[in-house]
Amino acid sequence: MSMKITIRKAKLTDSEFLLEIHNEAVKRKFINSIKINKKNLNIWNKWFKKKLKSKRFIIFIGKTRFQKEFGYVSFDEIIKSVFEVRIGNLPRFYGKGLGTLMLSKSLQKFFRLFKPKKIISIVKKNNIRSSKCFIKNGF
């Protein structure tokens with residue numbers, strides 16, 4: 001059975017969905033960040049709105065064939081023509097190969113929109129699934 005997914009550019013309305021993935025990654029110690037709660041939700045929303053307006057940042061949302069959002073891939077220019085790529089999935093979609101496929105499709109779309117000199121990713125040692133996903137995509 002072949003997996004069918006689609007990807008699309010993120011919209012402002014994706015903020016809550018992305019926040020859910022962020023907080024899960026913090027809980028699992030996959031990223032060095034703080035959990036966002038109601039007190040600092042305004043900061044998150046301002047950050048997200050600013051990122052979406054940036055010409056040097058893009059984020060794609062992965063959707064299953066049943067139109068359920070399951071993850072994201074973001075590309076952020078850290079220095080001229082060098083982008084950092086990040087990936088995140090909701091835990092209920094772990095281990096299904098969706099992240100690998102989403103990263104592959106996102107890279108294809110990204111290369112049509114940008115001409116980077118280099119793309120990097122920093123993955124914590126304890127994040128085995130993410131490491132495998134990047135390796136399968138040539139990192």
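1. Is Arg 86 buried, exposed or partly exposed? In this predicted model, Arg 86 has a relative accessible area of 41% and is therefore partly exposed. The residue forms a salt bridge with Glu 84, the closest N and O atoms being 3.5 Å apart, and Glu 84, at 12% relative accessibility, counts as buried.

2. The sheet is open and consists of five strands in the order S1-S2-S3-S4-S5, with mixed pairing. Strand S1 (5-9) and strand S5 (118-120) form the edges, each pairing on one side only, and the twist averages 25 degrees from one strand to the next.

3. Within this sheet, strand S2 (residues 57-64) and strand S3 (residues 69-79) pair in the antiparallel sense over seven bridges, and Phe 60 stands opposite Val 73 in S3. Helix H3 (residues 98-113) packs on the sheet, where it touches S1, S2, S3, strand S4 (82-89) and S5, and its direction makes about 45 degrees with that of S3.

4. A search of the whole structure finds five salt bridges. One of them joins Asp 76 to Lys 51, with the closest N and O atoms 2.7 Å apart; this pair links distant parts of the chain, since Asp 76 lies in strand S3 and Lys 51 in helix H2 (residues 41-53), 25 residues apart. Asp 76 is partly exposed at 22% relative accessibility, whereas Lys 51 is buried at 18%.

5. The side chains of Arg 56 and Glu 77 also meet in a salt bridge (2.7 Å, N to O), which connects the loop between H2 and S2, where Arg 56 lies, with Glu 77 in strand S3, 21 residues apart. Arg 56 is partly exposed, with a relative accessible area of 36%.

6. Finally, Arg 8, Asp 14 and Glu 69 are linked in a network of salt bridges.

Conventions: Residues numbered from 1 in each chain as written. Predicted model: local features only at pLDDT ≥ 70, side-chain atom pairs only at ≥ 80, totals over all residues. Heavy atoms only, no water. Pairing = 2+ DSSP bridges. Helix = DSSP H or I, 4+ residues; strand = E, 2+ residues; numbered from the N terminus. Axes fitted to C-alpha atoms, helices over the stretch in contact; angles between N-to-C directions. Contact = heavy atoms within 4.5 Å. Salt bridge = Lys/Arg side-chain N within 4 Å of Asp/Glu carboxyl O. Buried < 20%, exposed > 50% of the residue type's maximum accessible area, 1.4 Å probe, protein only.
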